[in-house]
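Hi,

Here is the structure I promised to pass on.

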Amino acid sequence: MRDTLLAGLLATAAVTFGVGAASAGTLDSVKGKGLLTCGANTGLAGFGIPDDKGQWTGLDVDVCRAIAAAVLGDAKKVKFVGLDAKNRFTALQSGEIDVLSRNTTATSSRASTLGIIFGPVTYYDGQGFLVKKKLNVSSAKDLNGASICVQQGTTTELNLADYFRSNSMKYESVAFQSEDETLKAFESGRCDAFTTDASGLYAERLRLANPDDNIVLPEIISKEPLAPSVRQGDDQWYDVMTYTVYAMLDAEELGVTSKNVDEMKKSDNPNIRRLLGIEGDQGKGFGLSNDWAYNVIKQVGNYGEVFDRNVGDGSPLKIKRGVNALWNKGGIQYGMPIR
């Protein structure tokens, strides 16, 4: 996702400390305190946002709840820490949080320099454009000569420059320090288009006074695979995070939902029986109980349920599954076998 240049410098400085924190064993730490501490976004509808009563919702939020259900048997045992783009990595490296699940793009530079490791992609995203309908624009290729509102010091800004250069188009960058400033500038007419990750565009569009007067253009100009992350050097904790996400994907593929999971315990399908802990000893290697995946599905849901209620047809965002559909449904989401 969007990335301030300062974030990398601050997070790099915290790597040495963070590796030491990881070696202590995050799983044992979480079990000992009986609480998972999760780094989340403070204001991105559909992914991470608290209401006025402090109740958190979002796809990224539910990933943390799923991990809590797997480890502690209770999806409610999560403390959410609101983080902005520039302090998210240092919070993870310093041990302030146990897992970062905050619409963050997995990249090679982050994996190789920040001392973090990314889990499975929970949302395949990409940068897009939001424009006012009255502009009569139906494609990003029609934005030659346009003014574009963008957040300063971000990969979004760099992707914007690359896109217009590669298409031999001209544009005027209208850059602001914060996302709020950028969106307000677009709404006030200071620019022709607003650019950020497409998922963010759908969320930010709802904040406008007249959302229906604006449209998200169809082009996606970058790859932004959003994934949760943990500190390097703690393989057991990485496995717990990773296979919690895979369990939700496998459950959807197998037709196991939060509503039918108890009935599915009676299934003769060996894949379902292993997933739910009826057969085998799948939890032991992770340091979890055998019903860890059952708890995830029962309390949080499978991936499809999580997607639908947060960003899909069951949410105000109404984002189509697209590439985030399962591999056997025209998408690229794929859970590793639980066996």
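Below is what I found, going from the whole chain down to single residues.

First, the ground rules. This is a predicted model, so local features need pLDDT of at least 70 and side-chain atom pairs count only at pLDDT 80 or more, while totals for chains, interfaces and linings use all residues. Residues are numbered from 1 along each chain as its sequence is written, and side-chain values use heavy atoms, with hydrogens and water left out.

**Overall**

The protein has 14 helices and 14 strands; these are DSSP runs numbered from the N terminus, with helices being H or I of at least four residues and strands E of at least two. Its radius of gyration is 20 Å, which agrees with the value near 20 Å for a compact globule of 339 residues (taken over C-alpha atoms; the rule is 2.2 Å times the number of residues to the power 0.38). Along the principal axes, the C-alpha atoms fill a box of roughly 60 × 45 × 40 Å.

Of the 339 residues, 53% are buried (buried means under 20% relative accessible area, exposed over 50%, partly exposed in between, with a 1.4 Å probe and protein chains only). The accessible surface is about 14600 Å², and carbon and sulfur atoms hold 50% of that (Shrake-Rupley, 1.4 Å probe; for residues, only the protein chains shown count as cover). Taking contacts between residues at least 6 apart in sequence, 72% join residues at least 24 apart (contact means heavy atoms within 4.5 Å).

On charge, there are 37 positive and 41 negative ones, and their mean positions lie 2 Å apart. Lys and Arg count as positive and Asp and Glu as negative, with His and the chain ends not counted; each charge is placed at NZ of Lys, CZ of Arg, CG of Asp or CD of Glu.

**The cores**

The largest nonpolar core has 57 residues, and Leu-36, Ile-67, Trp-237 and Leu-276 touch the most other members. Helix H4 (residues 59-72) gives the most to this core, with 10 residues. Apart from it lies another core, of 15 residues, including Phe-129, Ala-140, Leu-143 and Phe-164. By nonpolar core I mean a set of buried Ala, Val, Leu, Ile, Met, Phe, Trp, Tyr and Cys residues joined through side-chain atoms within 4.5 Å.

Back to Leu-276: beyond four places in sequence, its contacts are Val-256, Val-261, Met-264, Lys-265, Asn-290, Asp-291, Tyr-294 and Ile-297.

Helix H14 (residues 303-310) is mostly covered, with six of its eight residues buried. Those six are Tyr-303, Gly-304, Glu-305, Val-306, Phe-307 and Asn-310. They pack against strand S3 (56-57), H4, strand S7 (123-125) and helix H10 (235-254).

**Some buried residues**

Cys-38, in strand S1 (residues 36-40), is buried at 0% relative accessible area. Leaving out neighbours within four places in sequence, Cys-38 touches Cys-64, Val-78, Lys-79, Phe-80, Val-81, Ile-97, Val-99 and Ser-101. Its C-alpha is 36 Å from that of Ala-140, 102 residues apart along the chain.

Val-99 belongs to strand S5 (residues 99-100) and is buried too, at 1%. Among its contacts beyond four places in sequence are Cys-38, Cys-64, Ile-67, Pro-228 and Met-241.

Asn-295 sits in helix H13 (residues 292-299) and counts as buried, with a relative accessible area of 10%. Past four places in sequence, Asn-295 touches Ala-69, Gly-73 and Val-300.

Most residues other than glycine have a negative phi. Ser-168 has a positive one, about 50°, although it is not a glycine. Ser-168 lies in the loop between helix H7 (155-166) and strand S10 (171-176) and is exposed, at 68%. Lys-318, also not a glycine, has a positive phi of about 55°; Lys-318 is in the segment after H14 and partly exposed, at 48%.

Lastly, Arg-207 is in the loop between helix H9 (198-205) and strand S12 (214-216), partly exposed at 43% relative accessibility. Setting aside neighbours within four places, Arg-207 is in contact with Asp-180 and Leu-183. Arg-207 and Lys-184 are 23 residues apart in sequence, with their C-alpha atoms 9.7 Å apart.

Cheers
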